[in-house]
Amino acid sequence: QEQSAKSVAVGMVIRVKPGARVPLDAEIVLGETSLDQAPVTGESIPVDKGVGDAVFAGTINLTGTVEVRVTSAAGDTLLARIIHAVEQAQGSRAPTQAFVDKFASIYTPAVFALALAVALLTPWLMDWTWMQGIYKALVLLVIACPCALVISTPVTVVSALAAAARRGILIKGGVHLENARHIKAIALDKTGTITQGKPKLAAHEVIASDIASDQVLHWAADLATHSDHPVSQAIAIGLVDSRCEANLSDFKALPGRGVQAQAHGIELVLGNHRLIEERGLCSPDIEARLARHEAQGRTVTLLASTTQVLALFAVADSIKLTSKEAIAQLHALGVASIMLTGDNQATASAIAQAAGIDDARGNKLPEEKMAAIEAMQKKFGFVAMTGDGINDAPALARSNLGFAM
């Protein structure tokens, strides 16, 4: 029975189907699945979850139906607290507009008082007629009126906000628009900001020497197409030229591990490191190959038979086509760039080098990103932060100017 998240109490068990968002912070009590946690943790590769594992509100259930026991009410989840903070945010005027409004609040009454004096006193002091005095007072009001000054400022700000909105940039007020010119350094999240946030096949190695490479790749491509896991889908897309009818049968999903099938009497599996270890097929050579790819921030999937590992496939996130150009434009403006990411340091360094970013700092938890922003502010002064996930929220809030992707 479908219910509102607000009506679900802590301790109740709810079912989350594939493709649905997890509605509340909870713990899995039945089933296994893969979760896209990028909005919350910044991880670019989906995470396998089983009984006893925690799941967060706002993450996406990808593969299997799971039952979870709620650990936080609707108003206590991390997502709810951030939404509440946004609702409590107060609007602010641009500095120029605030100055003009303050100026007008003093200037306008003064001019009006002077015009009134001209209308009432000049007929006595300068021997003008009452009509001449009133006319001169009206001329003074028209000429001295600050309307053009007062009206032009908000119109300019609104025009700028509208122009940005047409380009897909939503600015929360004129104060942020004007403050952008003070930026001296910018902190950048990696996943979904600099990178696509979607896994792609980065490299593959055929290890078996007694089977033709083309045959191994045919098997891998066919197995990958029968799995809906994002890593398998990335492999299937990467091996699209190797797809053919591989005569595979008896397909079976291995939750949290991979997929299994038969080919001409040979049992094949396409799965993760844990599956290969459970089958006793790991060796120092395989471990060394895995370590080399994992040091580059890649997720490795292996194809194996019952007797040997046949091939490995390394999947990784890829840089957006516009990232390098954007970083170059920032440098042209004299803005320093520093990447802050929860991924490992090797991945952070590789992505930063490819994008032209000045410095990269990996293994950063949300509170550590915020601490890094504070350190940057002491060094550079006015610091901006760019991120795309809830895990970036503390750093975005602490920065002088936050850009949410």
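**Entry 1**

I began with Glu 32, which I found in the loop between strand E2 (26-30) and strand E3 (33-36). I note here that the model is a predicted one. I then looked up the accessibility of Glu 32: the relative value is 37%, so the residue counts as partly exposed. On the surface, Glu 32 belongs to a patch of negative charge, together with Glu 27, Asp 48 and Asp 53.

**Entry 1: His 229**

I next asked which residues His 229 touches. Setting aside residues up to four places away in sequence, I recorded Ser 34, Pro 46, Asp 48 and Thr 63. His 229 itself sits in the loop between helix H7 (213-225) and helix H8 (230-238).

**Entry 2: Thr 386**

I located Thr 386 in strand E17 (residues 383-387). Its relative accessible area is 7%, so I listed Thr 386 as buried. Beyond its neighbours within four places in sequence, Thr 386 has contacts that include Ile 186, Ala 187, Leu 188 and Asp 189. I also noted Leu 396, Phe 403 and Met 405 among its contacts.

**Entry 3: Salt bridges**

I looked up how many salt bridges the structure holds, and the count is 10. Side chains of opposite charge can pair when their charged atoms come close.

One pair I examined is Glu 267 with Arg 279, at 2.9 Å from N to O. This pair links distant parts of the chain, 12 residues apart: Glu 267 is in strand E12 (residues 266-271), and Arg 279 is in the loop between helix H9 (273-278) and helix H10 (284-294). Glu 267 is partly exposed at 22%, and Arg 279 is partly exposed at 28%.

I then turned to Asp 285 and Arg 289, whose closest N and O atoms are 3.0 Å apart. Both residues lie in helix H10, four residues apart, which is about one turn of the helix. I found that Asp 285 and Arg 289 also take part in a network of salt bridges with Glu 205 and Arg 292.

My last pair was Arg 398 and Glu 374, which meet in a salt bridge of 3.2 Å, N to O. Arg 398 lies in helix H14 (residues 393-398) and Glu 374 in helix H13 (residues 366-380), so the pair ties together parts that are 24 residues apart in sequence.

Terms used:
Residues are numbered from 1 along each chain as its sequence is written. This is a predicted model: local features need pLDDT of at least 70, side-chain atom pairs count only at pLDDT 80 or more; totals for chains, interfaces and linings use all residues. Side-chain values use heavy atoms; hydrogens and water are left out. Patches are made of residues with over 30% relative accessible area and no salt bridge: like charges are joined within 9 Å, nonpolar side chains (Val, Leu, Ile, Met, Phe, Trp, Tyr) within 5 Å. Accessible areas come from the Shrake-Rupley method with a 1.4 Å probe; for residues, only the protein chains shown count as cover. A salt bridge is a side-chain nitrogen of Lys or Arg within 4 Å of a carboxyl oxygen of Asp or Glu. Lys and Arg count as positive and Asp and Glu as negative; His and the chain ends are not counted. The place of a charge is taken as NZ of Lys, CZ of Arg, CG of Asp or CD of Glu. Helices (H or I, at least four residues) and strands (E, at least two) are DSSP runs, numbered from the N terminus. Buried means under 20% relative accessible area, exposed over 50%, partly exposed in between (1.4 Å probe, protein chains only). Contact means heavy atoms within 4.5 Å.
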